[in-house]
Amino acid sequence: MEEPPAGQTRIVYRVKSGDTLGELAERYGVRTSNLRNWNNIRGSRINVGQRLNIYTDNPPADGSGVTHTVKRGDSLTEIGKRYGVSVSDLKRWNGLGSSVIHPGQRLVVSGSSAGGETVSHRVKRGDNLTDIAKKYGVTVSNLKQWNNLSSSVIQVGQTLTIKR
């Protein structure tokens with residue numbers, strides 16, 4: 001395993017559904033090959049829930065979450081979808097009074113950290129607890145517990161709470 005660069009911050013990141021090594025490397029300003037070396041990964045496969053060591057000089061602004069550097073064309077809606085957080089949370093975490101953001105601006109995306117944050121998932125046609133659990137990197141039993149479900153039956157339009 002390669003030694004981390006001197007003067008960089010170590011972050012332990014929990015992989016979420018849709019994450020890729022390339023996207024994580026870009027987000028933290030590191031090389032994909034370094035991510036592989038630091039975590040003894042061959043190839044490019046990572047798994048939801050897996051913990052990755054990341055050494056960066058672009059650490060989260062709040063010491064625990066993730067920061068996103070706004071790029072041209074980004075919107076709070078797109079950023080929220082990318083990280084699985086709401087626009088209202090992004091505004092609150094970053095003290096924004098409006099949805100106006102600018103390229104180069106760094107936004108705290110606290111919900112991406114493994115903290116006490118919760119997100120809501122509105123059940124869509126074809127959803128089941130197993131797929132929803134995989135998407136958010138949680139267990140079916142936790143989903144049932146958090147939502148007071150006695151069975152695995154869910155209804156289209158139902159809103160489920162997911163704790164991160």
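Biologist: Before we dig in, what do "buried" and "exposed" mean here?

Modeller: Buried is under 20% relative accessible area, exposed is over 50%, and partly exposed is in between, using a 1.4 Å probe and protein chains only. This is a predicted model, where local features need pLDDT of at least 70, side-chain atom pairs count only at pLDDT 80 or more, and totals for chains, interfaces and linings use all residues. Residues are numbered from 1 along each chain as its sequence is written, and side-chain values use heavy atoms, with hydrogens and water left out. With that cut-off, the buried share of the protein's 164 residues is 40%.

Biologist: How many helices and strands does the protein have?

Modeller: Helices (H or I, at least four residues) and strands (E, at least two) are DSSP runs, numbered from the N terminus. Starting from that end, the order is β-α-α-β-β-α-α-β-β-α-α-β. That comes to six helices and six strands.

Biologist: Which residues of H4 are buried, and why do they count as lining one face?

Modeller: H4 covers residues 87–94, and its buried ones are Asp-89, Leu-90, Trp-93 and Asn-94. Look down the helix axis and take the directions from it to the C-beta atoms. Those buried residues fall within an arc of 115°, so they line one face of H4. On the other side, the exposed residues are Ser-88 and Arg-92.

Biologist: What covers the buried residues of H4?

Modeller: Go by contact, meaning heavy atoms within 4.5 Å. The cover includes strand E4 (106–109) and helix H3 (76–83).

Biologist: At what angle do the axes of H3 and H4 cross?

Modeller: Axes are lines fitted to C-alpha atoms, for helices over the stretch in contact, and angles run from 0 to 180 degrees between N-to-C directions. H3 and H4 count as roughly perpendicular, a label for 65 to 115 degrees. Their axes come within 9 Å and cross at roughly 100°.

Biologist: And which residues of H4 does H3 meet?

Modeller: From H3, the residues taking part are Leu-76, Thr-77, Ile-79 and Gly-80. Their partners in H4 are Val-87, Leu-90 and Lys-91.

Methods. Angles under 35 degrees count as roughly parallel, over 145 as roughly antiparallel, 65 to 115 as roughly perpendicular and the rest as oblique.
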